[in-house]
Amino acid sequence: MDHYDVLIVGAGHGGAQAAIALRQKGFAGSIGMAGEEPELPYERPPLSKDYLAGEKASARMLIRPAAFWDERAVTMLPGRRVIAVDAAAHRVLTADGEAIDYGSLVWAAGGKPRRLSCAGVDLAGVHAMRSRADVDRMTAELPRAERVAVIGGGYIGLEAAAVLRGLGKKVVVLEAMDRVLARVAGAPISTFYAAEHRARGVEIRTGVTVTCIEGADGRATGVRLGDGSIVPADMAIVGIGIVPTVEPLLAAGAAGRDGVDVDGYCRTSLPDIFAIGDCAAHENRFANGARIRLESVQNAHDQANVAAGALTGDARPYAAMPWFWSNQYDLKLQTVGLSIGHDRVVTRGDPAARSFSAIYLKQGRVIALDCVNAVKDYVQGRRLVEARATVAPELLADVSVALKQLTWDAAS
Ligand SMILES: Cc1cc2nc3c(=O)[nH]c(=O)nc-3n(C[C@H](O)[C@H](O)[C@H](O)COP(=O)(O)OP(=O)(O)OC[C@H]3O[C@@H](n4cnc5c(N)ncnc54)[C@H](O)[C@@H]3O)c2cc1C
């Protein structure tokens, strides 16, 4: 039976960084990385951006080349899905019936695309976008797809819409809430992106519910909405979020509900088991200490470093500043902080000039910025978020004053 001093489950952003950080911190024990996908760890963000557009080769998406893992004695176990964890025995079981023993376990299994719970979701032409295989299936069908319905107006859905429009497809975005990006951004950002998409011919429909995917001969032909109307589509992309992959841990007795609960050092409630990345529900200081999951490369990366630190006698609690990005058309959005619970949004700059920032305040303090083609604001706004600065909204909005010039009363 195989045994690893550290077994990492999930060969994605978090898993890869955990192995990298362990070796950087001088960990000399054996490291195994069991991943459900058949390939080496790769970057996921290009999947809805330049990889979907055909502008980035898969080899360029690898987080590290194959030789890197060999040189650092990280044993890759591709195509190995872990289905059960025996925490007392320090053992996992994989779907192919193998058992692997571990000293410590780092669970970095991310999440699965949330499925629509309606008829027609299994028709050909209905796609999710989580893995490279998902996108490869989609692109293989693209030549014969003229009309694409994107279900879900979040970042991934909108990025896909932008790429597909660029490829000449007729694209409709169907969003259940009253504006796109409603769960992740303030109204000025939603309004701006909806307008940008519409200006390029993407149809954006908000406040609509999907009741089923219509099909003929096993293939999708359209999306039926709550009002009975049908949006014709020969491809549907479902981008309505993820369900964190934690069942084996919860079945083994780990605390958690939406994800698996971890403490400040990414430790689960089970002995010697850590969890990081999209599946780790942690108390985040940028969310006022609320227990949340973050779905971002930043979070996966920084939590991997925290877990590796705890495993190598260099324990430091997770306190990293959240950041995120989204590319749509020629628009580069960069986010710093978390806008959850904001009670005011200040618009800095002119959205019509296609370079502006939304600055989020809570009880008068800066908690986050969404910067569109405004890299200076993104870089300089960071310290405002770090300090939870109290700055008058008029000053934040005044583009003649750089954010780095702003001062505030630290005691306030
Ligand atoms: C299309 C797309 C675009 C994105 N764009 C951005 C972006 O622009 N910016 C940004 O910050 N973030 C973006 N993200 C989010 C970001 O990719 C994730 O937050 C990040 O990948 C999380 O890392 P992770 O290690 O938690 O999970 P993942 O990177 O998803 O890795 C988890 C791995 O675990 C494997 N696995 C699952 N279950 C098991 C099991 N039981 N046994 C073994 N292996 C298992 C999975 O197959 C997967 O390979 C995007 C995500 C997607 C899908």
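Colleague: Which residues line the second largest cavity?
Modeller: The model is predicted: local features need pLDDT of at least 70, side-chain atom pairs count only at pLDDT 80 or more, and totals for chains, interfaces and linings use all residues. Residues are numbered from 1 along each chain as its sequence is written, and side-chain values use heavy atoms, leaving out hydrogens and water. On a 1 Å grid over the protein atoms alone, a cavity is a set of points where a 1.4 Å probe fits but cannot get out, and a lining residue has an atom within 4 Å of a point. The second largest cavity is lined by M129, V150, I156, G157, I237, V238 and G239.

Colleague: Which elements give two or more residues to that lining?
Modeller: Elements are DSSP runs numbered from the N terminus: helices are H or I with at least four residues, strands are E with at least two. In the second largest cavity, the elements giving two or more residues are α4 and β15 (235-238).

Colleague: How many charged residues are in the lining of the second largest cavity?
Modeller: Asp, Glu, Lys and Arg count as charged; Ala, Val, Leu, Ile, Met, Phe, Trp, Tyr, Cys and Pro are nonpolar; the others, Gly among them, are polar. This lining has 5 nonpolar and 2 polar residues, and its number of charged residues is none.

Colleague: What volume does the largest cavity have?
Modeller: The whole structure holds 2 cavities of 30 Å³ or more. Grid points are joined across faces, edges and corners, and a volume is the space filled by probe spheres set on the points. The second largest cavity has about 30 Å³ of space. The largest cavity has about 40 Å³.

Colleague: Which element supplies the largest share of the lining of the largest cavity?
Modeller: The lining consists of A11, M33, G35, E37, E39, L40, M76, L77 and P78. Both β2 (31-35) and β3 (74-78) supply at least two residues. The largest share, 3 residues, comes from β3.

Colleague: Which residues lie nearest the centre of the second largest pocket?
Modeller: A pocket is an open set of points with protein on both sides within 12 Å along at least five of seven lines. This one holds about 340 Å³ of space. By class, its lining has 7 nonpolar, 1 polar and 6 charged residues. Of the 14 lining residues, those nearest the centre are P113, R115, V126, H127 and A128.

Colleague: Which residues have the most contacts inside the largest nonpolar core?
Modeller: A nonpolar core is a set of buried Ala, Val, Leu, Ile, Met, Phe, Trp, Tyr and Cys residues joined through side-chain atoms within 4.5 Å. The largest one has 39 residues, and those with the most contacts inside it are L181, I189, Y193 and V372.

Colleague: What is I189 in contact with, leaving aside neighbours within four places in sequence?
Modeller: Contact means heavy atoms within 4.5 Å. On that basis, I189 is in contact with L181, L333, F356, A358, Y360, D370 and V372.

Colleague: How many residues are in the second, separate core?
Modeller: A16, W69, I276 and A320 are included in this core. The second core has 29 residues.

Colleague: Why does H13 count as buried?
Modeller: H13 sits in helix α1 (residues 13-24). Buried means under 20% relative accessible area, exposed over 50%, and partly exposed in between, with a 1.4 Å probe and protein chains only. H13 counts as buried because its relative accessibility is 18%.

Colleague: What distance separates the C-alpha atoms of H13 and D278?
Modeller: The two residues are 265 residues apart along the chain. Their C-alpha atoms are separated by 9.7 Å.

Colleague: Where does helix α8 bend?
Modeller: The bend at a residue is the angle between axes fitted to the seven residues ending there and the seven starting there. α8 (residues 375-387) has buried residues D377, Y378, Q380, G381, L384 and V385. The helix bends by about 35 degrees at G381.

Colleague: Where is the place of Y329?
Modeller: Y329 is not a glycine, although it has a positive phi of about 50 degrees. At 26% relative accessibility, Y329 counts as partly exposed. Its place is in the loop between β22 and β23.
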